[in-house]
Amino acid sequence: MPEAHEVRLPDGVRLHVEVHGPADAEVTAVLLHGWTLDGRAWHRQLAELRDRFAGAVRVVTYDARGHGRSSCMALPTATLAQLGDDLAAVLDAVAPTGRAVLAGHSMGGMTIMEYAHRHPAHFAARVAGLVFVSTTAEGHTHTVYGLSPRIARLIRLAETTGAGVLARCGSWRPPRALLRALKPSIRWMLFGDHCDPGDIRLVTSAVARASLRSIGGFRASIGAQHRLETLAELAHLPAAALVGDRDRLTPPPCAESIAAALPATELTVCPGAGHMLMMERPDEVNDALVGVLRRVLDRPATTAKVTG
């Protein structure tokens, strides 16, 4: 069973954090979920890492502010910048020493980039490897939902307008009846050619626990973020990037630009898969995580002082 922690942030937000494995593990892997999801999205990776590494790797998952079992927040803090600060705080609270490998799906990957941008010394002292799953460093530059650019522009306009309305709805949660009606749309938007009905249920359950403020509030900064220059400074780290060729939210050009910024990155394109690779292609995601972790474990640890 994981250890459950509550990390209280300076603005009063409480994050639900779960820690799997011993405190004295050589490396801590932190798995960050995507927008409107929660830490359960990584359940197939948790089982694999536990079996592969026993006590050598500790795994941390947490629900981002406004998501899952974490508390809601003030609307001005519904930004990727704040999520980057939150990641630094989680590391300090539950993994204050040792090397860390960060894996981020979608918004989680963008959170890692923001952490690197806002806390470069802290990042350099702690982070030894990176895994980017279905994410982007270029906002909505490449997002056309698998449709024509004209229709994509109309959808984005409707989406951003709706997000502004939802952002003002505070800590309310989406009505379950509405989510049941939206299941076909969720399936089309997030999954590729095939998906397990259990995965749809898990995703719908996660969306049901996200506050309307987080569903609407994060949309603006997600669309605007550009961090390729930040990534280029991290080229020395072992890294992997994965994307599905049916991903309608972060299509292959998003992963390709990440790989171009990090030339040593192992890029995996999964045929027929959509945005939820941890569920749709768990073996490929597990292999990427295991590969980066093994490269980190094979390297001798160095001591660095966290200065910011």
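Me: Axes here are lines fitted to C-alpha atoms, for helices over the stretch in contact, and angles between their N-to-C directions run from 0 to 180 degrees. What makes α1 oblique to α13?

Reply: First, the ground rules: this is a predicted model, where local features need pLDDT of at least 70, side-chain atom pairs count only at pLDDT 80 or more, and totals for chains, interfaces and linings use all residues. Residues are numbered from 1 along each chain as its sequence is written, and side-chain values use heavy atoms, with hydrogens and water left out. Now the pair: the axes of helix α1 (residues 43-53) and helix α13 (residues 282-298) cross at roughly 40 degrees and come within 10 Å. Angles under 35 degrees count as roughly parallel, 65 to 115 as roughly perpendicular, over 145 as roughly antiparallel, and the rest as oblique. A value of roughly 40 degrees falls in the rest, so α1 is oblique to α13.

Me: Which residues of α1 and α13 meet?

Reply: On the α1 side they are R44, Q45, E48, L49, R52 and F53, and on the α13 side P282, V285, N286, D287, L289, V290, L293, R294 and L297. Contact means heavy atoms within 4.5 Å. By class, the residues divide into eight nonpolar, two polar and five charged (nonpolar: Ala, Val, Leu, Ile, Met, Phe, Trp, Tyr, Cys and Pro; charged: Asp, Glu, Lys and Arg; polar: the others, Gly among them).

Me: How do you know that α2 is roughly perpendicular to α3?

Reply: The axes of helix α2 (residues 80-94) and helix α3 (residues 107-118) come within 7 Å and cross at roughly 80 degrees. That angle sits in the perpendicular range given above, so α2 is roughly perpendicular to α3. From α2, the contact is made by L80, A81, L83, G84, D85, L87, A88 and L91, and from α3 by M107, M110, T111, I112, E114, Y115 and R118. The contact of α2 with α3 has ten nonpolar, two polar and three charged residues.

Me: Why is α11 called largely enclosed?

Reply: Buried means under 20% relative accessible area, exposed over 50%, and partly exposed in between, with a 1.4 Å probe and protein chains only. Helix α11 (residues 252-261) has seven of its ten residues buried, so the rest of the structure largely encloses it. The buried ones are P252, C254, A255, S257, I258, A259 and A261. Their cover includes α3, β6 (127-133), α10 (228-232), β7 (239-244) and β8 (266-270). Across the chain, buried residues make up 55% of the 308 residues.

Me: What makes D38 count as buried?

Reply: D38 has 1% relative accessibility, so it counts as buried. D38 lies in the loop between β3 (27-32) and α1. Leaving aside residues up to four places away in sequence, D38 touches H33, D63, G68, A206 and R209.

Me: How do you know that a polar contact joins the side chains of D38 and R209?

Reply: The value for D38 and R209 is 2.9 Å. A polar contact is a pair of N or O atoms within 3.5 Å; within protein, one must be able to donate a hydrogen and the other to accept it, and residues adjacent in sequence count only if both atoms are side-chain atoms. The side chains of E18 and H16 also make a polar contact, at 3.1 Å.

Me: Why is E18 called buried?

Reply: The relative accessible area of E18 is 16%, so E18 is buried. E18 is in strand β2 (residues 14-20). Among the residues E18 touches are P2, E3, V59, V60, T61 and R69.

Me: What makes M276 count as buried?

Reply: M276 has 0% relative accessibility, so it counts as buried. M276 sits in the loop between β8 and α12 (277-280). M276 and H105 are 171 residues apart in sequence, with C-alpha atoms 8.4 Å apart in space. The residues that M276 touches include L37, H105, L190, F191 and V203.

Me: Why is A54 called exposed?

Reply: At 56% relative accessibility, A54 counts as exposed. A54 is in the loop between α1 and β4 (57-62), and its phi is near 50 degrees, a positive value in a residue other than glycine.

Me: Is S106 buried or exposed?

Reply: S106 counts as buried, because its relative accessibility is 13%. S106 is in the loop between β5 (99-105) and α3, with a positive phi near 55 degrees. Most residues other than glycine have a negative phi.

Me: How many helices and strands does the chain have?

Reply: The chain has 13 helices and eight strands, counted as DSSP runs numbered from the N terminus (helices: H or I, at least four residues; strands: E, at least two).
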